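These are my notebook entries on one protein structure. I set down what I looked up, entry by entry.

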Amino acid sequence: MLRLSAPLAMARYTSPTAGAPAATIRASRQSRRNSTTNETTSETASADNDPTSADAATAIQRYYDAIQSQDFATAYALWSDGGRASGQTPEQFAAGFADTASVLVTVDVPARVEGAVGSRFVEVPVAVESKSRDGRVRRFVGQYTMRRSVVDGATPDQREWRIASADLRELTQ
């Protein structure tokens, strides 16, 4: 599978929603319930309540909930490095939703958490259906790579799951 850096991945992600009015974006709360309450994984929270892969999936749902609420500052901040990992400014990020009438996301069971020096990563599969104001429907599948810091001295915010990159591909009909 092709891995993309955050700027290219975000550009691919925002293109289906470019110019979308975020006020009309809807995220699928049912899919969130299905993906988080029925999840089967061997990962459990550690004694110090470290975030789990299920928490990473919840962060993706929060991302779409924030977009639905037109809270682009919150959605942007769910990207690593205070949003900079999206490869866009906050204004560019918000403008990416100017033509979106609605969006439906299905969050699937995340992969197993992997470690790297000072960080943890997990891939969260998603399916996204975007409908533009002119009625055009576009469907995407792929995943978000989530990252959290585990180094001593990391702030509570740095220890939360953040979007490191996205790899979403459009399905052709």
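Is R169 buried, partly exposed or exposed? I find R169 partly exposed, because its relative accessible area is 30%. In these entries, buried means under 20% relative accessible area, exposed means over 50%, and partly exposed lies in between (1.4 Å probe, protein chains only).

**Entry: basis of the values.** The model is predicted; local features need pLDDT of at least 70, side-chain atom pairs count only at pLDDT 80 or more, and totals for chains, interfaces and linings use all residues. Residues are numbered from 1 along each chain as its sequence is written, and side-chain values use heavy atoms, with hydrogens and water left out.

**Entry: confidence.** I looked up pLDDT, the predictor's confidence in each residue, from 0 to 100. The protein averages 75, and 71% of the residues score at least 70. Confidence is highest in β5, at 96, and lowest in helix α1 (residues 6–14), at a mean of 31. Over residues 1–48 the pLDDT is below 50, although this stretch has 129 contacts in the model beyond near neighbours in sequence. A contact means heavy atoms within 4.5 Å. Where pLDDT is low, the predicted coordinates should not be read in detail.

**Entry: overall layout.** I find 5 helices and 5 strands. From the N terminus on, the order of elements is α-α-α-α-α-β-β-β-β-β. Helices (H or I, at least four residues) and strands (E, at least two) are DSSP runs, numbered from the N terminus. Of the 173 residues, 44% count as buried. Among contacts with a separation of 6 or more, 66% come from residues 24 or more positions apart. The protein exposes about 8,700 Å², of which carbon and sulfur atoms supply 50%; the areas come from the Shrake-Rupley method with a 1.4 Å probe, and for residues only the protein chains shown count as cover.

**Entry: nonpolar core.** I searched for nonpolar cores, each a set of buried Ala, Val, Leu, Ile, Met, Phe, Trp, Tyr and Cys residues joined through side-chain atoms within 4.5 Å. The largest has 30 residues, and I60, Y63, Y144 and M146 have the most contacts inside it. Two or more residues each come from α3 (53–68), α4 (72–77), β1 (100–107), β3 (119–132), β4 (137–149) and β5 (162–171). The largest share, 8 residues, is that of α3. Which residues does M146 touch, not counting those up to four places away in sequence? I list A56, A59, I60, R120, F121, V122, V124, W161, R162, I163 and A164.

**Entry: salt bridges.** Side chains of opposite charge can pair when their charged atoms come close. I counted a salt bridge where a side-chain nitrogen of Lys or Arg lies within 4 Å of a carboxyl oxygen of Asp or Glu. The whole structure holds 4.

- E129 pairs with R139, with the closest N and O atoms 2.9 Å apart. This bridge joins strand β3 to strand β4 across 10 residues of sequence. E129 is partly exposed at 30% relative accessibility, and R139 is partly exposed at 33%.
- E170 meets R138 at 2.7 Å, N to O. R138 is buried at 15% relative accessible area, whereas E170 counts as partly exposed at 37%.
- D167 pairs with R169, with the closest N and O atoms 3.5 Å apart. D167 counts as buried because its relative accessible area is 4%.
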